[in-house]
Number of protein chains: 4
Amino acid sequence: MTLRFGVVGTGAIGKEHINRITNKLSGGKVIAVTDVNQESAKQAVEAYQLDAVIYPDDKALIADPNVDVVLVSSWGPAHEETVVAAVEAGKYVFCEKPLATTAAGCLRIVEAEMKQGKKLVQVGFMRRYDSGYIQLKQAIEGNEIGEPLMIRAAHRNPQVGESYTTDMAVTDTLIHEIDVLHWLIDDDYKSVQVHFPRKTKYSHANLQDPQLFTITTNRGIVISVEVFVNCQYGYDIQCEVIGDEGIVKLPEFQSVVLRKNQKLSSTILNDWKYRFMDAYNVEIQDFIDSITKDGKPNGPTSWDGYIAAVTSDACVKAQQTGEEELIHLQERPAFYSEKGLQII
Amino acid sequence: MTLRFGVVGTGAIGKEHINRITNKLSGGKVIAVTDVNQESAKQAVEAYQLDAVIYPDDKALIADPNVDVVLVSSWGPAHEETVVAAVEAGKYVFCEKPLATTAAGCLRIVEAEMKQGKKLVQVGFMRRYDSGYIQLKQAIEGNEIGEPLMIRAAHRNPQVGESYTTDMAVTDTLIHEIDVLHWLIDDDYKSVQVHFPRKTKYSHANLQDPQLFTITTNRGIVISVEVFVNCQYGYDIQCEVIGDEGIVKLPEFQSVVLRKNQKLSSTILNDWKYRFMDAYNVEIQDFIDSITKDGKPNGPTSWDGYIAAVTSDACVKAQQTGEEELIHLQERPAFYSEKGLQII
Amino acid sequence: MTLRFGVVGTGAIGKEHINRITNKLSGGKVIAVTDVNQESAKQAVEAYQLDAVIYPDDKALIADPNVDVVLVSSWGPAHEETVVAAVEAGKYVFCEKPLATTAAGCLRIVEAEMKQGKKLVQVGFMRRYDSGYIQLKQAIEGNEIGEPLMIRAAHRNPQVGESYTTDMAVTDTLIHEIDVLHWLIDDDYKSVQVHFPRKTKYSHANLQDPQLFTITTNRGIVISVEVFVNCQYGYDIQCEVIGDEGIVKLPEFQSVVLRKNQKLSSTILNDWKYRFMDAYNVEIQDFIDSITKDGKPNGPTSWDGYIAAVTSDACVKAQQTGEEELIHLQERPAFYSEKGLQII
Amino acid sequence: MTLRFGVVGTGAIGKEHINRITNKLSGGKVIAVTDVNQESAKQAVEAYQLDAVIYPDDKALIADPNVDVVLVSSWGPAHEETVVAAVEAGKYVFCEKPLATTAAGCLRIVEAEMKQGKKLVQVGFMRRYDSGYIQLKQAIEGNEIGEPLMIRAAHRNPQVGESYTTDMAVTDTLIHEIDVLHWLIDDDYKSVQVHFPRKTKYSHANLQDPQLFTITTNRGIVISVEVFVNCQYGYDIQCEVIGDEGIVKLPEFQSVVLRKNQKLSSTILNDWKYRFMDAYNVEIQDFIDSITKDGKPNGPTSWDGYIAAVTSDACVKAQQTGEEELIHLQERPAFYSEKGLQII
């Protein structure tokens, strides 16, 4: 059985997913595409020599009975409407982050999905598929470090453009930690506070950089995440979980080791694309396999999308107030209580 | 276009390749299988729900006009005959190591292939597709370490069974270094000498373990490879290339880092399968892509299979004589002068 | 010239200093000792075969004209009185931390010293003499990482006894980071806030453990220090300085690397004594050499002792209030403006 | 009690020892010096403000009844005569390597010492006092790696001058591994063979560089040591001991870790002086302490000096013949059977 994808949004990320499904993975096929820029959709079909229909809009694409999965990689504000429509049509959905730009929007998707009576939606938080984070989770669940008490993490980019503003440190950057960390420790967030260190000279007027987020969870775990998007030296993701029996840390990205010019060195990536390239492939292959085998996706759910939205809102508010802000989630429906992404 | 595979030999490795082509990679399909044990062939078809013909023998499978590629994963002594037949039928061949059990057998394949006027055969030396070795090669070709002068390598397994004898340290184990190292430095071997250190208590009467091979190349590079197949602690592959400007070393296998019980530790694999799992996938995907795009495979050639056979013979002789033994290769035909496996 | 020490307090630390001066270092000699427990003083003289007078109290010892230096290793509450008396007598002083138990006490010492017109006092903060911290400081001052923006540090002990209470996480433990970090970045502290993560099961009723301190400096550097005194796994000191051009991190304690039982591991110390053993030796040798060559000690001053006291008070208050507390220092007298501890 | 040193040879190493004894260590004092260049001796006395007699030659210095220890740091060919004379005078001797330039010369010292009926001589092989090698020895003796089977080591210098010839790779460089490795595994050498890899472009006509030595021991341990004295990138000492239960490796030299310019790097030393600076200090302090406490030195003995001379001769012969050369030691006298340098 081959899972038939309709892709909504053929920008950079959309094209990468098309390439992945077409040329790298097994069990999926792109049979329909659309984009607000129809020219872009055409170019994608040509570039990857797809045997795919080009639709004028998402509605028409969703209506195609041959489409099993709607892959949403349009711009963020358009996500909610497409996802709701696809869910109401009973289609599977793979939606790039954010699921919706507001918590209310996420809840509307949650409700639509629950009405369908089965899980249909997966949100594109790929870090859960990274072998490093999977090893971290295995270590925690295998009780290697006892009870988690703290997490210390860092998310660093070499640089960002002028259009990247202070709030985007949350909505574009921290958002990945927001998703992966609550999954890692199987806990919900309770509050957040932000400290702004001295600003790097490489930042600009509208961007406070770096930032230090202190997040607490219901069980009392304290998470300290540094976001530093003009760190210059490379793309670098750090995560260390401190438990009452030991500490476990994400590995450095794998590189040969060089002895030269009085330095023992390994390479740090400059581009985020390479860091999680394998994770993207594993993510989509797992999405295809889970649906094919179990009839439902196994990754981050609509509820995880909602958690990300609520937490993200509180983090942005904390940036503005300088105070500790509460992260208030609605009660988790039983529908979403089942654990996803079984670690082998 | 989908490349259609006929698999000769449905043992453990054959099944893994079938699974890989069917469920993990893109662009290939298994449409025919055979095995001396027909029951095994049937089981493979069922296990992977293949839409494939079960042939009584390799001849019949090769004769199927729908078969584009013959994947040879039968036992070693049978390889030569199958490969020659497939080549003479103009089929592409992916042959697990060894290409043939003798140097003369490899040359017969070389001749058959040259007669066809195009490259058809790839030998299953997967290490060239490992990201660590690729980084090593990039470092060398990018002139990071200057001219290579020495290589120090180690190939360690946790343990082997009673049937594993001294010569198998060459034919089953060192064989991977034999292939990957001459590719790494783009040089040919000239001589080999073996030292037998004190035997580990975990070995047995018919196995000298560990062993230390000192191999020289035409350009004068000295390669020191330790083979230690009862090292107990894990599966561990080390390789360090020493150049006149610097030294570059294979990374350790990636693992989270644990602080616990007064130890800072990471995990060493116990099973070789995990070490090169990605390399196997990349290898077969590249094989499919190269044929699809360029009409010929891009990996280790029949000539590389011949080099491995000649070198392997000399290494076994050196185990027996204790002397330095020459590695005498025929002159490389222009047909095989083109470099394969472009590193991006 | 040999510097003649009078030791006030012959407990564990006092004895270690006596042993150090007598048997390991050059240029110093213990010629007088005293302790509130005279028996202890006698035992010290015998154990190290000192040619030293045993005085009934600090006053008498200070009055001995042969005593050049008063080494104060009595219990904390007694420090101030001894140090003031020694300074007023024109003697050099090496005082273990704390200089005095209150900020006011430290200021009285500062005033007494300024009245003498020359620096006489060094406080026993040995980390400034640790080769790792010295390399950090060299990296910062050599502009390797640009302008420091953040520090992330951790101070972990395997376990503490029942008598160790929440405030001692500051006064006994964090106090070392308080001294070394302002020296490292050449800045003064401005405020501090404390987060209490979920308590480890290895703690007890009167100890919140771990704790996370967020300290800001006048230049806006944000320092995040974890104190975790029942971490079980070992004694572990971490410090990472994040600058606008790069990041520099304290090395792990040096250990051989072991491959065994599927682990690649190095050893983490269990006992703090070994971690800074070299630093203690370098510290006292530098104290002796500086006085001998330059007529004054070169290490942490009375003013540094005052900074530690004020900061420590604010940290304890922040533990109690849960709020951000200001760290208000008096203006630094010109007398203490000169930089100490030249890094070679 | 203060050990009184007479120093024979006030060149670079002699001066460093004088400085060490005078300004860094405890329990020793330089009271006499001599040098074939009397001016050099005078300068040393002035530079370190020694209260020391300048003697016209070693004979006169040895005859001074106040001299307890003769420290021999003259040029190699002069060692034997001075050491024999000092031993015959019943003086303790600390002799820089080589003990004598010939094996026969070493035996003459051995005989002179045995005639005195007590150990008097220590040879200046400082590596045994390096904390890394000590940890290696502890790991081996603590049975962490089971029975040693192989050692793989490297001795690399950034560059050497034109006067450094092929044989000096043994007599100046490998000599340190020769001493420390037999101590490490408590075994005697049996044979040696040399391979010459392709020569680095940074070498010169009279120097084969790098070189690879394969040494076997009586118990069958195979030792592979690379000597590479124009490696350019730094001073780097590697040693890995491979046992039947695990492998233990010397730590890298301790350095802060820098993230900058897409590199994660630590510093490799450029100068050998810093690598073993601590070891030199520990060595001389242990020499002083052992004599003071036990009446005899505890480090490398005259017999170790003899082993080094015999092994060194065989290695140079193996460079010339290209064959495996035997290392034939006389039987070890019971006098030297006691183990030195107790590891705590």
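1. Contact here means heavy atoms within 4.5 Å.

2. Ground rules. This is a predicted model: local features need pLDDT of at least 70, side-chain atom pairs count only at pLDDT 80 or more, and totals for chains, interfaces and linings use all residues. Residues are numbered from 1 along each chain as its sequence is written, chains are lettered from A and ligands numbered from 1 in the order in which they are written, and side-chain values use heavy atoms, with hydrogens and water left out.

3. Chains C and A. Chain C can be laid on chain A by a turn of 180 degrees and a shift of 0.0 Å along the axis, with an RMSD of 0.1 Å. The two copies are thus related as by a two-fold rotation axis. Of the interface residues of chain C, 100% are also interface residues in chain A, so the copies meet through the same surface.

4. Extent of the C–A interface. Chain C gives 39 residues to the contact, and chain A gives 39 residues. Together the two chains bury about 3,000 Å², with 56% of it on carbon and sulfur atoms. R152(C), R198(C) and D244(C) supply 23% of the area that chain C buries against chain A, more than any other three residues. Buried area is the accessible area (1.4 Å probe) that two parts lose on being put together, summed over both.

5. The interface holds 6 salt bridges. A salt bridge is a side-chain nitrogen of Lys or Arg within 4 Å of a carboxyl oxygen of Asp or Glu. R152(A) and E226(C) meet in a salt bridge at 3.3 Å, N to O. Across the interface of chain C and chain A, 19 residue pairs are in polar contact, both residues at pLDDT 80 or more. A polar contact is a pair of N or O atoms within 3.5 Å; within protein, one must be able to donate a hydrogen and the other to accept it, and residues adjacent in sequence count only if both atoms are side-chain atoms.

6. Which elements of chain C each supply at least two residues of the side that touches chain A? They are β7 (148-156), β8 (189-195), β9 (211-217), β10 (222-228) and β11 (236-243) of chain C. The largest share, 7 residues, comes from β7(C). Helices (H or I, at least four residues) and strands (E, at least two) are DSSP runs, numbered from the N terminus.

7. Chains D and B. The contact takes 39 residues from chain D and 39 residues from chain B. About 3,000 Å² is buried between them, 56% of it on carbon and sulfur atoms. There are 6 salt bridges between chain D and chain B. One of them joins the side chains of E226(D) and R152(B) at 3.4 Å, N to O. β7(D) gives the most to the side of chain D that touches chain B, with 7 residues.

8. K249(C). This residue is found in strand β12 (residues 247-249) of chain C. A polar contact of 3.0 Å joins its side chain to that of Q238(C). Not counting residues up to four places away in sequence, K249(C) touches L136(C), Q238(C), C239(C), E240(C), V256(D) and V257(D).

9. Domains of chain A. The assignment gives domain 1 (3-123) and domain 2 (134-270); such bounds come from an automatic or database domain assignment. The C-alpha centres of the two domains lie 30 Å apart.

10. UniProt record. The unreviewed entry's annotation "domain: Gfo/Idh/MocA-like oxidoreductase N-terminal" covers residues 3-125 of chain A. That span is 43% helix and 22% strand, with its end C-alpha atoms 21 Å apart. UniProt places "domain: Gfo/Idh/MocA-like oxidoreductase C-terminal" (unreviewed entry) at residues 137-323 of chain A. Residues 137-323 of chain A are 35% helix and 27% strand. Positions are in the numbering used here, feature names are shortened, and annotations may be inferred rather than shown by experiment.

11. Backbone points to check. The peptide bond from D209(A) to P210(A) is cis, with omega near 5 degrees. P210(A) is in the loop between β8 (189-195) and β9 (211-217) of chain A. K97(C) and P98(C) are also joined by a cis peptide bond, with omega about -5 degrees. D186(A) is not a glycine, yet has a positive phi of about 55 degrees.

Note on methods:
Copies are superposed by least squares on the C-alpha atoms of residues with pLDDT of at least 70 in both.
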